[in-house]
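Take a look at the structure below. We will walk through some of its links and strands, step by step.

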Amino acid sequence: MKPLLQYPCCISILIFSVITLVISINIPTSLGEDDSLYYTNCSNAFTCEGSNIETLKYPFFGGNRVSYCGQPGLDLICEDSAPKMSINTIKYRILDWDNTTQKLTVARDDYYSGSVCTVIDYKNTTFDNTLFQIQYDGGFVTLLYGCTSTENFQNQNPYRSDCGENKTVYYVLAPLYSPLCSASIVIPILGQQVSSLVSSNRIDDALKQGFELSWTGDYRQCTACIDSGGECGYDSGEFRCFCKDGPHTSSCHSDRAQDPRDRPDRCGHPLLHLTCEGNISYITIKDVKYKVLEANPKEYTLRITRVDYLYFEGLCPSKLVNTTLDTKLFVYGSDSEYKNLTLFYGCPASNPFSSPAIGRLPCFTNGGFGEFVYTQFGSLGPPLSCKQSVVVPVAPISIDINDFIKTQEAIRAGFIVRWIEGIEQCENCKKTGGGVCGYDGNSNQTTCYHCNDQSCSNFISPDAIAPPGLSKDYCQ
């Protein structure tokens, strides 16, 4: 059987049409300074007197780094001898930044400077609409303020911190909402702090250790720029590589060769166009954006996960869209491995369902908890008392619909889709003359390219660049 990743063109990387890598050329910019100043200004890391963090370069700016040296919204300040930044109205103290892995370790400044007893502005930790993602190898702690009882804690054993003056802060090691408390604040923590909290009950120390975020921006572009001798920056809404001779689009080599992993549009179906963001591949199917997790060439399958459900707030995305496929192109993976999970939104606070096979989980929104989301297996329409429902395929063996973490992990694990369009034609193309599959935009059909075609001169041998395993993201 012909491997999936050789369909439908000769470059053996993915079956889809490719993002086009921008070739580096000298371009005019709006910066208006001497060419060498761009490079000089952005070559310096952010400095903060008293801090030992000396690696804060792109995507950050602020202080001694000019605004075009970083991404909009990632401006830093130096305060209390520490670099700090604000994300979704919450200030964070930066504890570490690794340029190689693009991991940022931060702690909430309000809990770092104070304690669970002294904080009075109750805000949840959210990263909606940002290019930061929480590293889920850690855990979560929920701080519960103003509780009248600890009975409705969803089988979680609460810990307590006595603040004096008849004030007690309870906390549990999971995301939780209790209607018996006036505020519930969810904060990520490092994995090693979870076991420490169980044995030592030192919540303030755990929060000061912070948690890890991953930057999901244009890391691959920045790496190419640095490798060519440039410094990364951002101007006029686009990535820039600032070199000693001025700004370039992607690297300091204006005649840089096309990346062999790039594929012309004629190599793939027009509805299967990949984009590369932050070293990760994405595909949009029926107006829903998915992250590509892996591919199985022998089975013609992909494992994908919905981007809108990837984030910590992901059980309640701002735009509610069902998971649907174009059945002319895709079918779902094995029915025995996946079941549809229906999430119901806009329901009344009191449970509108009579069935015990219903989960009730909190929605996290900027600034606190919003309404609840109800979960049930099956493709079901919402009851009259609920406004909308969304269906997402999950592996039922890994999910407890009453557990927030397990439900979100099951959705993030994604599901398998099988490509069916044009497989037979491509097999015949390969067998009859050693052709390679592509797509004819004029006839809107799968086509077969042969080496006597003029376009064959633009092709690259698949054997020369085929990666082993094919289990990593396309952009790797």
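In this predicted model, the link between Cys117 and Cys163 is left-handed, with -75° about the S-S bond. Their sulfur atoms lie 2.0 Å apart. The pair links distant parts of the chain, 46 residues apart. Cys117 sits in the loop between α2 and β5, and Cys163 in strand β7. Cys117 is partly exposed, at 21% relative accessibility. Cys163 is partly exposed too, at 25%.

A disulfide is a covalent bond between the sulfur atoms of two cysteines. How many disulfides does a search of the whole structure find? It finds 8.

Another of them joins Cys225 and Cys241, with sulfur atoms 2.1 Å apart. This link is right-handed, with 85° about the S-S bond. Cys225 lies in helix α5 and Cys241 in strand β12, so the pair ties together parts 16 residues apart in sequence. Cys225 is buried, at 0% relative accessible area. Cys241 is buried as well, at 0%.

Cys347 and Cys386 are also joined by a disulfide. The torsion about their S-S bond is about 115°, so this disulfide is right-handed. Both ends lie in loops: Cys347 between β19 and β20, Cys386 between β21 and β22. Cys347 is buried at 9%, and Cys386 at 7%.

Now turn to strand β23, residues 415-419. In a regular strand the side chains alternate between the two faces of the sheet. In β23, Phe415, Val417 and Trp419 form the covered face, while Ile416 and Arg418 form the uncovered one. Strand β17 pairs with β23 in the antiparallel sense over 4 bridges. There, Arg303 has Ile416 as its bridge partner. Strand β18 also runs antiparallel to β23, joined by 3 bridges. Tyr332 stands opposite Val417.

Note on methods. Residues numbered from 1 in each chain as written. Predicted model: local features only at pLDDT ≥ 70, side-chain atom pairs only at ≥ 80, totals over all residues. Heavy atoms only, no water. Buried < 20%, exposed > 50% of the residue type's maximum accessible area, 1.4 Å probe, protein only. Helix = DSSP H or I, 4+ residues; strand = E, 2+ residues; numbered from the N terminus. Pairing = 2+ DSSP bridges. Disulfide = S-S within 2.5 Å.
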